[in-house]
Amino acid sequence: MSLYKLIVFTGPKGAGKSSLIKSLFPELDVRFEEPSYYRDYMLAGGLAVREVAGRRDAIEVIMAAIAKWNINVGLLVVDSSRPLEGVAEPRFLAVIERAEKKALVANKVDEQGSQVAELEKFALEKGLEFFGVSTKTGVGIEELKKWITTGEKTVKTIPTPVPPPVPKPPLPIDLVPVVAKKTPDKSRLTQEELEVLELCDGKRSINEIAMKTGKSYGEIKKIVDKLMSLGYLETLKPKIA
Amino acid sequence: MSAEIARFLLRFQKMFQPTVHVLVPQVLFTYMVSDISQKSPSPSLANKELFRIGVWSGSIAMLKLAKPGDLASFWPKSFDAEKLSNFVRIFGSAAWYLITGHLPKISTEKKLEKVLWIELREISGKESFYKIEVPEGINVWFFLAGAYEGATLTAFRMLGEEENYLSMWRPLESGDGIEGYYASREINANDIARICINSNVDFFNIVSWEDSSLFAEQLLGLKIPLLK
């Protein structure tokens, strides 16, 4: 059995293990190249950080000795902007299986396409704690450190992705502008009016045009009123919003 | 021969009973009022929602039924109470007729230099879509007042006058029509509101000035100055 209590970091290459270690323990002189098998960093109080290489062959070698590791905390670090398949590989889970406390750490949650919800679900299925962090912005780092050192997880660290606001139509009924068969000269129209007229395809409603252009319902209704008055539109068909 | 008699009887019946032209909108309107009443926490809020839907409906009706050229031919070049009264008598009556199926009684009164007060009353005994029995506190005239407000504001837009005129409408206390104003935007909003309240102390009780402003912006993209 190892003399030190270990905080083990495992996960695919490029997930940001070294960066995470540096963010959590800035006092350590962290090396950023992948270790051959694993690399240890000593901490005060009989603790050590162990960074495990992500390569399959390295993990196969390590697995032979892992039973003797005294793992206090096991962290599976993943890049949350990458597909879940790479995360679910059993070899990474096997590394931290014997840890007293274990967690899935979704790094890079600030990046586009971050799959936080899927990863959280995966963590729940595997009986892991879950943390969403970003070593770039510092999001979630303090909470993760607190959990590593004290075991407390008081703050939910998952940065819930905020869906873009979908404008709600002001009424349950909407209107579909229908372009006239023969329209007057379009050169009289402003760019904004032309843009709206081009979006009138006989199927799109005022609210749908508003969503497409990023304008409010009222703003589009104003333009539609003008287009209708000037004879560019033939009629307005009611539609269930 | 029997077919001719049947046709004659149908025509005869039409003179005394509402036809499908009234019955279908009446059933649909009843359904809408019922739905709004059930979903609203109070009759006041239900009335406000009826007004809001009215604004939207009135705007569509005006857009679809009126020709800008026709409106312009009777619209005065500047605020003239007499010419505006004529406009209301022609287009106000026509709009009312198209929506309700009958002509109203109209009275107008110049209140300030550039504010025209108008009352539209139904002629009793006429069948129309809004003649339905409603739960206590619900007033279908809010739908009609909203429709008239939406139609008038849209007419101003069609005339290129939306930046120059304001109009608001509410149900008459007597429960047989609506009242409201045409006002030049040169007049201070507070002065217009004062005229409304002097004419009917409950004018803004259920649908406030701010509500009208909100609905106009939300549904028509039209700005109404707020009270100070």
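This is a predicted model: local features need pLDDT of at least 70, side-chain atom pairs count only at pLDDT 80 or more; totals for chains, interfaces and linings use all residues.
Let's begin with chain A and its open sheet of 6 strands. Reading across the sheet, the strands come in the order β2-β3-β1-β4-β5-β6, and the pairing is mixed. At the edges stand β2 (38–43) and β6 (129–132) of chain A. Each of these has a single partner strand, so one side of each is left without a neighbour in the sheet. If you ignore direction, neighbouring strands of this sheet are turned by 20° against each other on average.

Strands of a sheet pair through backbone hydrogen bonds, either parallel or antiparallel. Both senses can be followed here around β3(A). On one side, strand β1 (residues 5–10) and strand β3 (residues 47–52) of chain A run parallel and are joined by 5 bridges. Along this pair, Ile7(A) stands opposite Val49(A), and Phe9(A) has Glu51(A) as its bridge partner. With β2(A), by contrast, β3(A) pairs in the antiparallel sense, over 6 bridges. Here Met42(A) has Ala48(A) as its bridge partner in β3(A). β2(A) and β3(A) form a hairpin with 3 residues between them. In the turn you will find Gly45(A), which has a positive phi of about 75°.

Helix α4 (residues 116–125) of chain A lies across β4 (71–79), β5 (101–107) and β6 of chain A, and it runs at about 165° to β5(A). Helix α5 (residues 141–150) of chain A also packs on the sheet, where it touches β1, β4, β5 and β6 of chain A. The direction of α5(A) makes about 150° with that of β6(A).

Further along chain A comes a pair of helices to look at together. Two packed helices are described by the angle between their axes and the distance between the axes. For helix α7 (residues 206–213) of chain A and α8(A), the angle is about 115° and the axes are 9 Å apart. α7(A) and α8(A) are therefore roughly perpendicular to each other, and their crossing is right-handed. From α7(A), the contact uses Ile206(A), Asn207(A), Ile209(A) and Ala210(A); from α8(A), Tyr217(A), Ile220(A), Lys221(A) and Val224(A). By class, this contact of α7(A) with α8(A) has 6 nonpolar, 1 polar and 1 charged residues.

Now turn to chain B, which has 8 helices and 4 strands. From the N terminus on, its elements run α-α-α-α-α-β-β-α-β-β-α-α. Of the 228 residues of chain B, 39% count as buried. Among contacts in chain B between residues at least 6 apart in sequence, 64% join residues at least 24 apart.

The strands of chain B build an open sheet of 4 strands in the order β1-β2-β4-β3, with antiparallel pairing. β1 (105–112) and β3 (165–171) of chain B stand at the edges with a single partner strand each, so one side of each is left without a neighbour in the sheet. The twist averages 20° from one strand to the next. Within the sheet, β1(B) and strand β2 (residues 115–121) of chain B pair over 7 bridges; Lys110(B), for example, has Leu116(B) as its bridge partner in β2(B). Helix α6 (residues 141–158) of chain B packs on the sheet, touching β3 and β4 (177–184) of chain B, and its direction makes about 170° with that of β3(B).

Finally, how do the two chains meet? The contact takes 13 residues from chain A and 15 residues from chain B. On the side of chain A that touches chain B, the elements giving two or more residues are α8 and β8 (233–240) of chain A. The largest share, 8 residues, comes from α8(A). The residues on this side of chain A divide into 6 nonpolar, 3 polar and 4 charged.

The axes of helix α8 (residues 217–229) of chain A and helix α8 (residues 209–220) of chain B come within 5 Å and cross at roughly 65°. That makes α8(A) roughly perpendicular to α8(B).

Definitions and conventions:
Residues are numbered from 1 along each chain as its sequence is written. Chains are lettered from A and ligands numbered from 1 in the order in which they are written. Axes are lines fitted to C-alpha atoms, for helices over the stretch in contact, and angles run from 0 to 180 degrees between N-to-C directions. Angles under 35 degrees count as roughly parallel, over 145 as roughly antiparallel, 65 to 115 as roughly perpendicular and the rest as oblique. Two residues are in contact if their C-beta atoms, placed from the backbone, lie within 7 Å. Ala, Val, Leu, Ile, Met, Phe, Trp, Tyr, Cys and Pro count as nonpolar, Asp, Glu, Lys and Arg as charged, and the others, Gly among them, as polar. Two strands pair if DSSP finds at least two bridges between them. A crossing is left-handed if the near helix is turned anticlockwise from the far one by less than a right angle, and right-handed if clockwise. A residue is buried if 20 or more other C-beta atoms lie within 10 Å of its own, exposed if 12 or fewer, and partly exposed in between; C-beta atoms are placed from the backbone.
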